[in-house]
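Hello,

Here is the structure we spoke about. My notes on it follow below.

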Amino acid sequence: MQLIEFTDKGLFCRAGNFYIDPWKPVDYAIITHAHSDHAKFGNENYLCHTLTKPLLQARLGNNNYETLEWNETKFINGVKVSLHPAGHIIGSSQIRVEHNNEVWVASGDYKVANDGLSGEFEPVKCNAFITESTFGLPIYCWKNQEEIFENMRNWILANKALNKASIIIAYSLGKAQRVLKALEDFDETIYMHGATYNMHQALINANIPLPKINAERVTPETPKEKLKECIVIAPPGADGSPWLKKFSPYAIGACSGWMQVRGNVRRKNVDGAFALSDHGDWNGLLCAIKETQAEKVYVTHGYQSVFSRYLNEQGIWSAEVKTEYGTEDKEVVAETSEEKK
Amino acid sequence: MLTAKDEHIIIDESSQQDAKDGMALFSELVTSLGSATKTLEKQDALINYFSLADDKDKVWMIALFSGRRPRRLINSSLLPQWCIEIRNIPGWLFSECYGSVGDMAETIALLLPEATEEKKQSSLSYYIEKLVSLEKENEFIKKDFITGCWRTMNKDERFVFNKLLTGNFRIGVSQKQMVNALAKTVKREPSVIAHRISGNWDPITTSFDELLNENVSIIDYSKPYPFYLAYALEENPETLGDANEWQAEWKWDGIRGEIIKRNNQLFVWSRGEELMTEKFPEYYILQNKLPEGVALDGEIISLTNANVETNEFTILPFALLQTRIGRKNVTAKQLKESPVGFVAYDLLEFEGEDFRNKTLEERRIILEKIIADANEPVLRLSPIINYNNWDELAATRATSRDINAEGIMLKRKASIYQVGRKVGDWWKWKIDPLTIDAVMIYAAKGSGRRSTLYTDYTFAVKDDNKLIPFTKAYSGLTDKEFAQVDAFVKRNSLEKFGPVRTVKPELVFEIAFEGIAASKRHKSGVALRFPRIKRWRKDKKTDEINTLDDLKKMLEVYGK
C-alpha cells in the first residue's frame, strides 16, 4: 500500500486517514492553497497554512480550520505531517507526509522563482514527489519578474501617452497581488474590480503584508473623470464584459503564462500580453524535482503524459495521475471564468 | 511581449538615439501586427515601419506582405532537427511542443536558448539576400549560417527569421492594409500603389523608388490590375433601389482570373496574384485572337459545349476545375476530361489604356466586341440576365444550381472598376447553401489563434447503425461556442490518434455547403464544397441526424 493513494475523492493517506486537496467532501482535508480547484467546499475539518486560513474564510466561509506554520510538525493518527513553502501564492504549501521512514511530498501548485510575496519554494527531500505540470513543456521559460514588470510599466506609460486607461487582467488571488508589486512605483490610486478589491481587503484584514498602494474599488458611482488614464486590476471574468465601458478609451493587458504563445494572445484579443505565471516553467519543474531526490515522481494536472514520459526517459521513475485539478486544457478556458481558479 | 503601443515609445526613443537594426525593426512590426486588436493600430504600425526602415528593407517587406517570399531554401525537416540538437530534447517532445504551439517557426523560436552572442547590426535585406545566396550551398554551410543567426537573436526576431525560412507570412495584415499604409506614407492613391506592386518584380533587383515610380523605364508587360471584389448582399435587393440601374449576371463557380495581352504576349493571373499562364493551354490561342494592349476580368472555369454563335455553353462542377489547379503540368488526358474556358465579364484595359474609370456600360460594349471578334469557344461572354423587377430576378436566382452557378452578381451600370473589396457597386447575391444535420465524431486542435482549442471537427451522417464521416468544418461557431465544444471534447474523448481525438457522438450541427460532388477518396463517396458549421443544433439528438442516403440524394440532384 503506498503512503498516498490516488482515489476518486482525491489524494488519500490511509495510515493517517486524511486527504490532501480532495475534490469531494471528506472528514479531514489538508489544503495546499486557497485556489478553488484545490480548496473545495464541504469538508468537516481543514488543515492549512496560517496565511491560507483567512483566504479560505473569504472563499468558503467559516469552517473548522486548523493551521500550521511552515516546518511545524503535526502528527495525525501517527503520521507525521508538515507544511513547506510552495511559492505559488500567499500561503501555498507543499505537504510533507512521513510514516514508517517513508516520505511523500504533495506539492500542490508551485513555482521555484521567488516572487517576494508567496514565500520561497523550499525543496523537500522525499521518496515520492507529487508534482503539477501546468507548463510542463520546454517552450515555457519565464523571464524574470522584474523584466516583465518593466514591460508592464512601459505598456502603462504608453497607454497614458495615448490617453488610455490600462486594464490589467489578473486572478484575484495571487496574480493581482504580484501585479501590485509592479505598480508600487506609480504614485496614484490603483482601481480594482469588486472581486479583486474584496480579496485585497481580505488579505489586508488578515494582516498579510502587501505592496503599499492606495487601492480603490470601482463602483457605479465612481466618477468617470477619475478613471481617465487610470490603472485598473480586474479578474479574467471582467474581460469582454460591459463593465469595461466605464474606462473607455482603454487598453487591456493579460497576465498569464499562456501569454507566452502567440496563438493564445491572439485568441484572447488583448492589447498587452505578459507571460507572468505562478507555476513553474519547464526548467523550474525539472529543477524542483531533481532537488527532492525522489525515487518516484507522480505527475498531475497539466502536460502530465508528456512530462512523465520525459522523466522516465531521463531515468526518473514517473507515472501520470489523473486528478480534478485544472488541467492544461481546462486552465486556458478557465481563464475566462473567475470561479475556476 | 511587446504591444503596438510599446513600439511607438521604443521606436521613438531609438530614432533619437541610434537607429534600430533592420531585423529588430521588422520583428517589432510583425509582433505589433500580431497583437494589434484594431485596424487603426495596424495601420499606425505599418506607417511607422515605412517611415523608419531603410529603402531596401521596405522593398522586401512589401514583397513578403504581398506573398513574394523567396523560394524555400531549407528542407522543412532540417530546422526542427537543428533545434532539437541545440536544445538537446527528444524528437517526440519537439512534436508535442509543435502540437501545442501550432506554428513551426514559433515552436523553434520558443525552444531555442536565449541569445548568447552580440548581433552585428543587420538589415532584413541582408538576411534574406544572404539566404538566397546560400541556395546552392550544402546543408552544412546553411546550418552554420542559420544556427549562427539564432545565437544572436531574441525570441521575436527568431520567430520572424524562422518565418522567412519556413513558410507563408500570414501575420494578421492584409495586402490591402499594407497598400493603404504605404499609400499614406508616400502620399499616393492606394489604387496606384496596388497596381505598382502587383505583377512580376524581383525584390533583389528592384529599388524602392523604381517600385513606386510611375516613369520607370523597366516595363513589366505582365502587370495585372487588382481585382474589384464584391460584398455579399445580405439584405433584400430592393434596398439597392431601382432595378434598372443594375446589371445582373450569374455568379460563376470557378476561380477569378485576369487575361492580359501586351507586347504580343499572353498572361493569365488568378486571384491571389499568381501567374498561371502555363496551367491553361486552352488559352494559348487567344494570343493571336485578342487585340494588343488588353486586360480581361473574368472566371477561369470548367466549361464545355460552347457555341460561338449563340454564346451558349455548359458549366461543369467546380470539382473538375480543382483537378487542374493543383497540377504543375497538365496532361492530355486532363485537358480532355476537365476542359477549361474563360467567362469574361469586364474589361480593364483596351488599346493599352487603363479603362477602369469608364462606366460598366461603356466597358461592356467594347468587351462584347472583343469577344465577338476573337470568335473562340474558349473565350465566352458572361451573359447579362434580363429582368423587369427584383421579383423576377429572384425567381431566376432560384435556378442557379441548375447551371452550376452560385447565385447572381449585381453590378451598378454606372460604376467604375474599383480596387479591392468596396461596398456599394458590386454585390454577390448568393443562393442559400445546402444544409445537412450531422454529428461530430473527431476533433483536432486548430492553428494560429485557435491552437489551444479543439476547433477542427469531423462530422458524420448515419448509415443504419454506423456513423460515416463525410466532411470537416473549421468555421461558423462563435468563440464562446468553440470554448463550449472544446470543453465537451476534453471531457468526452474516447481515443487519441496523434493530434486527433475521437469524441462521443453527441453534438449535432447543421452543416452548410455550396456544392456536392462524387469522390472516390472519401469513405462517404461525396466531397462537399466550402463546408462550414451553420449552427449548433442543441435541440437535436444523434438519432435525428441525416443519413448517408440523404447525402446521396443530394448528390443525385446537385452533383451532376
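In chain A, the C-alpha centres of domain 1 and domain 2 lie 29 Å apart. Domain 1 of chain A covers 5-140 + 278-328 and domain 2 covers 145-274; these bounds come from an automatic or database domain assignment. The contact between them takes 16 residues from domain 1 of chain A and 14 residues from domain 2 of chain A, where contact means that C-beta atoms, placed from the backbone, lie within 7 Å. On the side of domain 1 of chain A that touches domain 2 of chain A there are eleven nonpolar, three polar and two charged residues. Here Ala, Val, Leu, Ile, Met, Phe, Trp, Tyr, Cys and Pro count as nonpolar, Asp, Glu, Lys and Arg as charged, and the others, Gly among them, as polar.

This is a predicted model, in which local features need pLDDT of at least 70, side-chain atom pairs count only at pLDDT 80 or more, and totals for chains, interfaces and linings use all residues. Residues are numbered from 1 along each chain as its sequence is written, while chains are lettered from A and ligands numbered from 1 in the order in which they are written.

Next, strand S15 (residues 231-234) of chain A. Strands (E, at least two residues) and helices (H or I, at least four) are DSSP runs, numbered from the N terminus. Both faces of S15(A) are covered: A:Ile231 and A:Ile233 on one side, and A:Val232 and A:Ala234 on the other, are all buried. Buried means 20 or more other C-beta atoms within 10 Å of the residue's own, exposed 12 or fewer, and partly exposed in between, with C-beta atoms placed from the backbone. S15(A) runs parallel to strand S12 (residues 165-169) of chain A, joined by four bridges, and A:Ile168 has A:Ile233 as its bridge partner. Strand S13 (residues 190-192) of chain A also pairs with S15(A) in the parallel sense, over three bridges, with A:Tyr191 opposite A:Val232. Pairing requires at least two DSSP bridges.

A:Val232 and A:Ile233 are among the residues with the most contacts inside the largest nonpolar core, which has 201 residues. A nonpolar core is a set of buried Ala, Val, Leu, Ile, Met, Phe, Trp, Tyr and Cys residues joined through C-beta atoms within 7 Å. Another core, of 34 residues, lies apart from it and includes B:Ile436 and B:Phe513.

Chain B has 20 helices and 23 strands. Buried residues make up 39% of its 560 residues.

Regards

Key. Contact = placed C-beta atoms within 7 Å.
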